[in-house]
Amino acid sequence: MATVGILGGTGPAGRGVAVRLGAAGHAVIIGSREPERARSVAATLTTASGLAVRGAGNEEAAAADVVVVATPWESTLATVRSLHEALAGKVVISMVNALAKDGREVVPLTLARGSVTAHVAAALPASRVVGAFHHLPAAQMEDLGSGLESDVLVVGDDAAARAVVSELVRAAPGLRPIDVGGTALAGAVEAFTAVCITVNIRHRAHAALRLTGLA
Ligand SMILES: NC(=O)c1ccc[n+]([C@@H]2O[C@H](COP(=O)([O-])OP(=O)(O)OC[C@H]3O[C@@H](n4cnc5c(N)ncnc54)[C@H](OP(=O)(O)O)[C@@H]3O)[C@@H](O)[C@H]2O)c1
């Protein structure tokens, strides 16, 4: 089993991934700029879910075997650049979406490199960057009793790293990995999150992604 560290793991997105990967049997370290905050969040999750989740600073989370980036887009590149040495050679999963709220709609931002995944890959040239977990409703991820059944699109240029992430996802309850292929499609994957969130706002729902027709 791998250790999984989550940068910015104290937020809803990181907590949801922590619970699902913890339930798969992985040792999860929730990272934060404030280690005490991470320890407090981890203690709450442990009480609620019975899983062994630990809290620490982002630096300690970055020392895990596989590292998930779960910070807001605005702080993502500064966060990963500051940890580039610890992240070298590792599979780094970006679940970050670059979005803006516009009334009752959520819209994707246009990024110079086309996707957050591509920006993280450029910021971490010695890491094996994969995009995944973009579309998942965080509260349903955190609640193992929510009945969540969702696909997880896995995208990035390193095929072996996509396979590592797909195996992590496959072991997590309620999640099915779908290997999309290279980073060229990461922008489309991330932008579709805006559609998912807008649909959920419009329909007051917690819909998740499910593709049909795959074996
Ligand atoms: N929420 C969802 O349903 C969901 C689902 C899929 C993907 N995502 C993506 O996952 C990412 C996190 O989402 P979220 O809703 O969990 O966001 P969030 O609560 O706003 O932020 C997550 C964590 O990031 C850290 N953080 C905040 N500002 C920071 C800064 N300036 N520098 C460094 N760290 C900072 C904070 O942790 P500390 O203060 O403890 O350091 C915070 O708890 C986003 O990019 C989002 O698009 C979200």
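User: Let's start with Leu-136: is it buried or exposed?

Analyst: Leu-136 is buried, because 24 other C-beta atoms lie within 10 Å. A residue counts as buried if 20 or more other C-beta atoms lie within 10 Å of its own, as exposed if 12 or fewer do, and as partly exposed in between, with C-beta atoms placed from the backbone. Keep in mind that this is a predicted model: local features need pLDDT of at least 70, side-chain atom pairs count only at pLDDT 80 or more, and totals for chains, interfaces and linings use all residues. Residues are numbered from 1 along each chain as its sequence is written.

User: Where does Leu-136 sit?

Analyst: Leu-136 is in the loop between β8 and α7. Those labels come from DSSP runs, numbered from the N terminus: helices are H or I runs of at least four residues, and strands are E runs of at least two.

User: And which residues is Leu-136 in contact with, leaving aside its neighbours within four places in sequence?

Analyst: Gly-16, Met-141, Ser-150 and Ala-208. Being in contact means that the C-beta atoms of two residues, placed from the backbone, lie within 7 Å.

User: What about Phe-133, where is that one?

Analyst: Phe-133 lies in the loop between β8 (128–131) and α7 (138–142). It counts as buried because it has 29 C-beta neighbours inside 10 Å. Phe-133 also has a positive phi of about 70°, although it is not a glycine.

User: Which strands pair in the antiparallel sense?

Analyst: Strand β6 (residues 99–102) and strand β7 (residues 105–108) do, over 4 bridges. Leu-99 stands opposite Pro-108 in β7. β6 and β7 form a hairpin with 2 residues between them, and Gly-103 in the turn has a positive phi of about 65°.

User: New topic: the ligand! Which residues come nearest?

Analyst: There are 24 residues around the ligand, and Gly-8, Gly-11, Ser-32, Ser-75 and Ala-138 come nearest. A residue is near a molecule or strand if its C-beta atom, placed from the backbone, lies within 6 Å of it. By class, the shell has 11 nonpolar, 10 polar and 3 charged residues. Here Ala, Val, Leu, Ile, Met, Phe, Trp, Tyr, Cys and Pro count as nonpolar, Asp, Glu, Lys and Arg as charged, and the others, Gly among them, as polar.

User: Which helices supply at least two residues of that shell?

Analyst: α1 (12–23) and α4 (73–82) each do.

User: Tell me about α1. How many of its residues are buried?

Analyst: α1 is mostly covered, with 10 of its 12 residues buried. Arg-15 and Arg-20 are among them. The 12 residues of α1 should span 16 Å at 1.5 Å a residue, and its end C-alpha atoms are 17 Å apart, which agrees. The expected span is 1.5 Å times one less than the number of residues in the helix. Just after α1, Gly-25 takes a positive phi of about 105°.

User: Last one: what does the chain come to in helices and strands?

Analyst: The chain has 9 helices and 10 strands. Its C-alpha trace spans about 40 × 40 × 35 Å along the principal axes. Buried residues make up 48% of the 215 residues.

Notes:
Pairing = 2+ DSSP bridges.
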